[in-house]
Number of protein chains: 2
Amino acid sequence: MKLELPDKVTLIEVGPRDGFQFEKQFIPTDLKVQIISNLVDAGLKQIQVTSFVHPAKVPQMADAEELVRRLPEYADVIYSGLVLNTRGVARAQRAGLTHVEVSISASDTHSRKNTGMSFDRAVAQVEEMIGLAQKADLNIRAGIQCAFGCAYEGEISHARVLNIARSYVSYGVDAIALSDTTGMADPARVTQLIELLLPEIGEIPIILHFHDTRGLGLANVLAALQCGITHFDTALAGMGGCPFVPGAAGNIATEDTASLMASMGILTGIDISRIIPCSRLLEEWLNKKFSGKIHRLPS
Amino acid sequence: MKLELPDKVTLIEVGPRDGFQFEKQFIPTDLKVQIISNLVDAGLKQIQVTSFVHPAKVPQMADAEELVRRLPEYADVIYSGLVLNTRGVARAQRAGLTHVEVSISASDTHSRKNTGMSFDRAVAQVEEMIGLAQKADLNIRAGIQCAFGCAYEGEISHARVLNIARSYVSYGVDAIALSDTTGMADPARVTQLIELLLPEIGEIPIILHFHDTRGLGLANVLAALQCGITHFDTALAGMGGCPFVPGAAGNIATEDTASLMASMGILTGIDISRIIPCSRLLEEWLNKKFSGKIHRLPS
């Protein structure tokens, strides 16, 4: 048996959004700009830089507009923002972003607890957001949270995820992201869902977003690679966490994922040695250890 | 694509040997016996319990004989010991063990630094040890360290590993273990080596021993499962480390590996909830955090 693997993958850095939002201590905008600039220098071409959310809810993201304004511009680098409502879409557009991410949870319970909205209400809202974003000519990445299971509801049927994906296709989104919000995916489930999803979505790229809560993040990546998936969210140092499990491991680490790819001869365009100092700087500044591995090895 | 996976795998607990030997603080024999007994209660049927090494070299293993004497006996549980020379073989036999592990490094430099012996000298010694063990009717697991790469030499050719394996086959060993001593394996390399090895070794089972130094441990397990491998070394809590990288992650964690299997419907016979308290006890006693994930989640 030879592993069937793609020649090239794209890692989408989500640390500045999914990682930073877990930090209670406000990371100064200066430092955020520095980290994001360094990530660009390290070869990351897509970075989710912030979230347009009410500052009272997530004070860490209170500087969204200022941050976007201060980011260095490059023709081949995409900065995106997570938007949670129509107001967020408008803010992202005014801030000058060209790419936004909207998302809904495949779990009704998770949706209610996380956003106060039922699944049906969330679907209606996301449709409105997508409409608004399309009018503004924004590129839309549409996410499905809890795509592989829910901490409250347990198993989430593939049918439920496929239905959301079909709606996204009908709305004309530009990419679909499957999020393993609470680290419940395993390689068999990943393979099953992707195989069911691929025939439904035509040419729309699928992005996978894994957390390493149970240590299965890179095994899930391997399974997805074997299904032909070439886009993965990662966070420097493995920042981030699980809202339901204090202290749990975060996103799969950018360095570790890039190292897996490099080791297997898959191109990412990423210079790992330029990410590691960012990870170490953040660990020192925040005085904590993230769950990634490579940045802790001697370089 | 459907993942081709076995129905059932055997996890071989190596924490009491490969994990404990990394700890400078002497773990009392009482505690060792308690942990090993609890691991048996959790369903582990094969446990590498100690190493017969000179106590001045590894003081942690100075209680090898006493430990073996005090272990609870079960008809279906195998305790094994690592032996490093002919004296170790004799000690293991006298202590009452029925199973021993011998091993050599595929890397000449690693062999010299780790044992003071050249590769050729190590091969001659291991042959002598195997002969002695066979006369004593011991079951012999024969290991190949640095099978996927060496921290000193870098790449280790598959040919080199295959040659050692062929020698082991000619000696009539009972199992062959491939060790990723310094965490340099990746899923592609694992697949390549196993596919080359399988036709050479007939019915002799292959055991894989992965460290999670670069976070690739369970991705490597997934690749091996797809090649039909059903035996893996694991250590509770992810104990252990890398002799060349202070603070590096240890062995793949028993709980995390068992959880991967359970999640994919692969039988291990292991009750994860009975391992977690052992991991937490050791972390508390040693006042450190190991690299496993599951034992840190709320249960």
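Two strands count as paired here if DSSP finds at least two bridges between them. By that criterion, strand β7 (residues 206-210) of chain A and β8(A) pair in the parallel sense, over 3 bridges. The model is predicted. Its chains A and B superpose with an RMSD of 0.0 Å, and 37 residues of chain A are in contact with 36 residues of chain B.

**Symmetry**

**Interface between chains A and B**

- The contacts involve 37 residues of chain A and 36 residues of chain B. On the chain A side, the elements that give two or more residues are α8 (187-197), α9 (217-226) and α10 (254-263).
- Helix α9(A) supplies the largest share of that side, with 6 residues.
- By residue class, the side of chain A that touches chain B divides into 21 nonpolar, 8 polar and 8 charged residues.
- Of the interface residues of chain A, 97% are also interface residues in chain B, so the copies meet through the same surface.

**Strands of chain A**

- Strand β8 (residues 231-234) of chain A pairs with strand β1 (residues 10-13) of chain A in the parallel sense, over 4 bridges. The bridge partner of L11(A) in β8(A) is F232(A).
- F232(A) in β8(A) is also the bridge partner of L208(A); the pairing of β7(A) with β8(A) is parallel.
- Strand β2 (residues 46-52) of chain A and β3(A) form a parallel pair over 6 bridges. In this pair, T50(A) stands opposite G81(A) of β3(A).
- In strand β3 (residues 78-83) of chain A, 5 of the 6 residues are buried, so the strand is largely enclosed by the rest of the structure.

**Helix α6 of chain B**

- Helix α6 (residues 119-135) of chain B has 17 residues and should span 24 Å at 1.5 Å a residue; the end C-alpha atoms are 24 Å apart, which agrees.
- The buried residues in α6(B) are A122(B), V126(B), M129(B), I130(B), L132(B) and A133(B). They cover an arc of only 160° around the axis, which puts them on the same side of α6(B).
- These buried residues pack against β3 (78-83), α4 (86-95), β4 (99-105), α5 (108-115), β5 (139-145) and α7 (158-171) of chain B.
- D120(B) and K135(B) are exposed, on the face of α6(B) turned away from its buried side.
- Just after α6(B), D137(B) takes a positive phi of about 60°.

**Positive phi in loops of chain A**

- D137(A) is not a glycine, yet has a positive phi of about 65°. This residue lies in the loop between α6 (119-135) and β5 (139-145) of chain A.
- D137(A) has 8 other C-beta atoms within 10 Å; 12 or fewer make a residue exposed, so D137(A) is exposed.
- C146(A), also not a glycine, has a positive phi of about 55°. Its place is in the loop between β5 and α7 (158-171) of chain A.
- C146(A) has 27 other C-beta atoms within 10 Å; a residue is buried at 20 or more, so C146(A) is buried.

Notes
Residues are numbered from 1 along each chain as its sequence is written. Chains are lettered from A and ligands numbered from 1 in the order in which they are written. This is a predicted model: local features need pLDDT of at least 70, side-chain atom pairs count only at pLDDT 80 or more; totals for chains, interfaces and linings use all residues. Copies are superposed by least squares on the C-alpha atoms of residues with pLDDT of at least 70 in both. Two residues are in contact if their C-beta atoms, placed from the backbone, lie within 7 Å. The expected span of a helix is 1.5 Å times one less than its number of residues. The arc is that of the directions from the helix axis to the C-beta atoms. Ala, Val, Leu, Ile, Met, Phe, Trp, Tyr, Cys and Pro count as nonpolar, Asp, Glu, Lys and Arg as charged, and the others, Gly among them, as polar.
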